[in-house]
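Hi everyone, thanks for coming along. Please have a look at the sequence and the fold on the screen, and then I'll walk you through a few spots.

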Amino acid sequence: MKHPFRLYREMFLVGLTGGIASGKSTVSAMLRELGCPIIDADVVARKVVEPHSPAHSRIVFHFGREVLLESGEIDRQKLGRLIFADKEKRKLLNSITHPEIHKEMLKQIVFYFLRGYRYVVLDVPLLFETRKLTQFLNHTVVVYCDPATQLARLMQRDGLTAEEAEQRLAAQMPLNEKRGLASHVIENSGAREDTHRQVLRLHTKLEDSMDFLLVRVLAVAAAAGLGGVLLYAAKMLLS
């Protein structure tokens with residue numbers, strides 16, 4: 001019999017990424033409307049830093065209580081300003097949050113597959129920067145827009161000056177580089193209707209894919225037990 005983790009690796013996962021203000025959230029919402037299960041890394045990231053969590057405690061230890069709101073929750077805007085201006089602080093924060101995010105995402109992946117979904121979309125802003133998840137993906141999708149459009153959208157969305165927006169863009173991998181790494185590209189510089197047509201084509205292609213086989217997931221659960229699968233795969237992800 002195959003090793004349980006080898007069975008797990010053959011499951012059908014799709015990575016969705018983009019850049020800040022490129023329109024990834026719009027594409028994610030369109031896929032969700034089509035019935036695709038979405039695991040949003042940003043939502044998971046907020047969950048794993050809730051008060052009293054291990055990640056929350058480590059963030060307070062390293063960055064101080066000044067990054068907290070009165071409620072005790074992390075002030076994401078204040079913390080964001082700190083890390084975007086300092087590469088080492090950004091790396092420190094990622095080292096705290098990313099392992100917890102990956103473990104939580106893994107739990108949700110197994111949940112969706114055991115419910116019989118054909119595939120699961122992982123909505124991950126830093127998919128290519130961290131490289132922790134790409135080895136488990138059958139397809140990767142980048143939501144792209146041209147640099148001028150991205151800058152204008154970011155300034156308008158977050159109320160930033162051109163200098164502040166450019167600083168945030170410079171902290172990320174350029175979209176052109178991500179575009180070259182992806183197996184699918186959604187061009188989102190134009191009208192919403194055009195983006196929607198591209199998403200429909202992508203969804204049809206993924207639905208027709210033969211990458212998925214539910215019995216593999218059931219075999220994993222039977223062979224190792226759900227807890228065993230999660231523990232083993234989490235160790236592999238964090239190694």
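Predicted model: local features only at pLDDT ≥ 70, side-chain atom pairs only at ≥ 80, totals over all residues.

Let me start with how I use the accessibility words: buried means under 20% relative accessible area, exposed means over 50%, and partly exposed is in between, with a 1.4 Å probe and protein chains only. So T161, with a relative accessible area of 41%, is partly exposed. T161 is placed in the loop between α8 (147-158) and α9 (162-170). From T161 to L151 there are 10 residues in sequence and 10.0 Å in space, C-alpha to C-alpha.

Residues are numbered from 1 along each chain as its sequence is written, and side-chain values use heavy atoms, with hydrogens and water left out.

On to the charges. Side chains of opposite charge can pair when their charged atoms come close. For a salt bridge, I ask for a side-chain nitrogen of Lys or Arg within 4 Å of a carboxyl oxygen of Asp or Glu. How many salt bridges does a search of the whole structure find? The search returns 7, and I'd like to show you three of them.

Here is one: D123 and K24 join their side chains in a salt bridge, at 2.5 Å from N to O. D123 belongs to strand β3 (residues 120-123) and K24 to helix α2 (residues 24-33), so this pair ties together parts that are 99 residues apart in sequence. Both D123 and K24 are buried.

Next, E104 makes a salt bridge with K47, and their closest N and O atoms are 3.1 Å apart. This pair also links distant parts of the chain, with E104 in helix α6 (residues 87-114) and K47 in helix α3 (residues 41-48), 57 residues apart. Are these two residues buried or exposed? E104 is buried at a relative accessible area of 13%, whereas K47 is partly exposed at 43% relative accessibility.

Then come R118 and E207, whose side chains meet in a salt bridge at 3.7 Å, N to O. R118 sits in the loop between α6 and β3, and E207 in helix α11 (residues 192-207), 89 residues away. R118 is partly exposed at 34% relative accessibility, and E207 is partly exposed too, with a relative accessible area of 32%.

Now for a charge without a partner. D40, in strand β2 (residues 38-40), is buried yet has no salt bridge. If we count Lys and Arg as positive and Asp and Glu as negative, leaving out His and the chain ends, the nearest side chain of opposite charge is R32, 5.0 Å away. What does the side chain of D40 reach? It is the backbone nitrogen of D42, at 2.8 Å. That is a polar contact, by which I mean a pair of N or O atoms within 3.5 Å; within protein, one must be able to donate a hydrogen and the other to accept it, and residues adjacent in sequence count only if both atoms are side-chain atoms.

Let's return to α6. At its start, a side-chain oxygen of D86 comes to within 3.0 Å of the backbone nitrogen of E88. Where does α6 bend? At T97, by about 30°, with a proline, P99, following within four residues. The bend is the angle between axes fitted to the seven residues ending there and the seven starting there. Just after α6, G116 has a positive phi of about 95°.

A21, in the loop between β1 (13-17) and α2, has a phi of about 65° and is buried at 12% relative accessible area. H52, in the loop between α3 and α4, has a phi near 80° and is exposed at 79%.

How values were computed
Helix = DSSP H or I, 4+ residues; strand = E, 2+ residues; numbered from the N terminus.
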